[in-house]
Number of protein chains: 2
Amino acid sequence: MNNFTFYNPTKILFGKETISNLSSLVPSNKKVIIIYGGGSIKSNGVYEQVINNLKNHDVVEFAGIESNPTLQTCMKAVDVIKSNNVSFILAVGGGSVIDAVKFIAAAAVNNYDDPWQSIVIENNFNNAMEYGSVLTLPATGSEMNCSAVISNSELGEKMAFSNSSVYPKFSILDPSTTFSLPSSQVANGVVDAYVHVLEQYLTTDINTPVQDRWAEGLLLTLIDQGRYVIDNPNDYEGRANLMWAATSALNGYIGVGVDQDWSTHMIGHEITAAYGVDHARSLAIVLPGLLSIQRKQKEKKLLQYAKRVWGVTQGDKNVIIDEVITRTTLFFQSVGISSRFVDYDINPEEAAEKIGNIFIERGQLFGENRDISGELVKKILLNRQCLY
Amino acid sequence: MNNFTFYNPTKILFGKETISNLSSLVPSNKKVIIIYGGGSIKSNGVYEQVINNLKNHDVVEFAGIESNPTLQTCMKAVDVIKSNNVSFILAVGGGSVIDAVKFIAAAAVNNYDDPWQSIVIENNFNNAMEYGSVLTLPATGSEMNCSAVISNSELGEKMAFSNSSVYPKFSILDPSTTFSLPSSQVANGVVDAYVHVLEQYLTTDINTPVQDRWAEGLLLTLIDQGRYVIDNPNDYEGRANLMWAATSALNGYIGVGVDQDWSTHMIGHEITAAYGVDHARSLAIVLPGLLSIQRKQKEKKLLQYAKRVWGVTQGDKNVIIDEVITRTTLFFQSVGISSRFVDYDINPEEAAEKIGNIFIERGQLFGENRDISGELVKKILLNRQCLY
């Protein structure tokens, strides 16, 4: 096991009717801004619950955070915060809203000439405005971590930052708020969470049985419950199990002391930036080829994954690895997410060339062994041997 | 899944040479008291490492915390804190030392006429002195939770309390510090952690797949690594995996949203109080009879435990349950811990009568269904059908 530091001070309130705790969780002496996205919280009743529970608080609002939140939108929210003397933020929504609020919380209390440079690039801050969240979409884990992905629409860049001063003070997870999600968004969340686990699990085997078993437990749960929720959208238990699995996939716990990959995310971010493909779908496109090309480096873990998650043990190791990559791809398909470029109207050769060149230009090497180059990205995106 | 609140702000520093972080973790402007036990930290080099890393801090010491820490000893430490204007505590040791420090931290900043009544019985406090810990014995999980068990030698009582103001600010877990532990203490830690998991897992099945899988992952790890460490005491990886499994068994994570039992601990505490049996060994005595008697209430989880942890699936369900209780008992034996009263020179009939009567006198009902009475305790302690 590698040495590690673990710290996660977010308080989670999980379950039915937990939004009613808002009135006591949000400090009564602070002016509050409620930040949300495109308005789905108004049609599903969450907005009304939040407002009712903050009726004795002094509240302003900021709506319109996008799916891939931009610096430009975030800075508009910062202006509202400063001109209204706001001192507490409440994020209401999914990972995009909570990611945006992490940036906003940092920018609101630090006066930077260039917030993008200072917060995202240099990560040069150690304080932020306090905030809490009400989660409405299980997927990114942002509700219980200190990471965010922000896009800069002027530069055409999409980048992540992590900073321990932007953990939510609390997050409310009421699975009932997810009943009205369209199945395409549920599927995105399932695949996003599944790949979060794999990024921390399918790496070098360095003897970490607790972390391995916990990762496998989340994968098995996402497989069972992901399909179940899509077939039974109004079942509270399924929604609850899916929500808790997605949070647990990226709150730091399964990633302590292990080697981590994250190359599927790095390549996927560029596909989203170039073609507008949903985040989770970009991951589904990248993953099969990545696992196939990196099978040598990931061999022990791929065989363990095959055995413990999919029960695949028969045959030569390359046969097993092909089989388990196919099973993973078919699982994504079973919730409605394709791993084929053509299903997103993208020409594979053109995309491989374009995305690969981005990393070649940057001279960037990544993955758990820092052995994935732009040239290899092209091979990964053209490797289709495990797809059907 | 039940509704739950989860909050755990302890920072964990895990790995080789992590004690060197002490100088920056302990606030330099505070007077520090180092609290420890019987002096094993002086023979294994931990004391020297701690002192060297705090050489620029103003430090006093308090030694002599017992295995089952008493109110009386804790209050002596409080006197030293008050007379020296100490404002930060460093616990160095195992669960007993850290448990004691939780009580001491609460008593040091709250002026109670009767600290036992206010802290342990009424749990009537919401602040405590800041403290950190250096863990030297993986077992109780106290290094990453807010619970403690304290004994009152005058009243002859041993009681637990939990309060969110007594989470350690940080805990340093360097597996190297455990190389010198005698195998009997390693075995105690393995069985203690194993039973911590079972108390949160072998209850009513209320559809909690993440929590179940994580509990099973810890059990499988404790089985593999527990035996391995006893056979290979100088292997760092084994020590590391065992340490992280024991911490993860009782930091709150696997217990969210599930029904919890804790009757093995309640009965075990009384056996320890009456006969001086080590805590873990008292649990090993109670558990087989408890599982056998409560098999109806715990049936679904016992069968799941049999299948997923022990691979036992053949036969009638009572045969399976008997088999898995026996396997559990034999596992405890394999690390050197007997489940038979006679191996501790205790007469079973006499003990069953004595311990059962304690609960009858209190009129107490406990277990996840509040259906375990003093009369049932007698039956549990006399049920020996799964023992060999």
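**Close-up views of a predicted two-chain model**

**View 1. A:Glu17 is an exposed residue, with a relative accessible area of 64%.** The model shown here and in the other views is predicted. A:Glu17 sits in the loop that runs between β2 (11–14) and α1 (22–25) of chain A. Its phi is near 60°, a positive value in a residue other than glycine. Because exposed means over 50% relative accessible area, A:Glu17, at 64%, falls in that class.

**View 2. B:Glu17 lies in the loop between β2 (11–14) and α1 (22–25) of chain B.** The backbone of B:Glu17 has a positive phi of about 60°, although the residue is not a glycine. B:Glu17 counts as exposed because its relative accessibility is 63%.

**View 3. B:Gly189 is part of helix α7 of chain B, which spans residues 183–201.** Is B:Gly189 buried or exposed? With a relative accessibility of 3%, B:Gly189 counts as buried, since the cut-off for buried is under 20%. Leaving aside residues up to four places away in sequence, B:Gly189 touches B:Pro138 and B:Ala139. B:Gly94 is 95 residues from B:Gly189 along the chain, and the C-alpha atoms of these two glycines are separated by 9.9 Å.

**View 4. Residues 187–381 of chain A carry a domain annotation in UniProt.** The unreviewed entry labels this stretch "domain: Fe-containing alcohol dehydrogenase-like C-terminal". Over residues 187–381, chain A is 68% helix and 0% strand.

View 5. The C-alpha atoms of chain A fill a box of roughly 65 × 45 × 45 Å along the principal axes. For 388 residues, a compact globule would have a radius of gyration near 21 Å, and the 21 Å of chain A agrees with this. Buried residues make up 60% of the 388 residues in chain A. Of the contacts in chain A with a separation of 6 or more, 77% join residues 24 or more positions apart.

**View 6. The accessible surface of chain A comes to about 14300 Å².** Carbon and sulfur atoms account for 45% of this surface. Chain A has 31 positive and 41 negative side chains. The centres of these two sets of side chains lie 4 Å apart.

Note on methods:
Residues numbered from 1 in each chain as written. Chains lettered and ligands numbered in written order. Predicted model: local features only at pLDDT ≥ 70, side-chain atom pairs only at ≥ 80, totals over all residues. Heavy atoms only, no water. UniProt positions renumbered as here; feature names shortened; annotations may be inferred. Helix = DSSP H or I, 4+ residues; strand = E, 2+ residues; numbered from the N terminus. Rg over C-alpha atoms; globule rule 2.2 N^0.38 Å. Buried < 20%, exposed > 50% of the residue type's maximum accessible area, 1.4 Å probe, protein only. Contact = heavy atoms within 4.5 Å. Areas by Shrake-Rupley, 256 points an atom, 1.4 Å probe, with all protein chains shown as cover. Lys, Arg positive; Asp, Glu negative; His and termini not counted. Charge placed at Lys NZ, Arg CZ, Asp CG, Glu CD.
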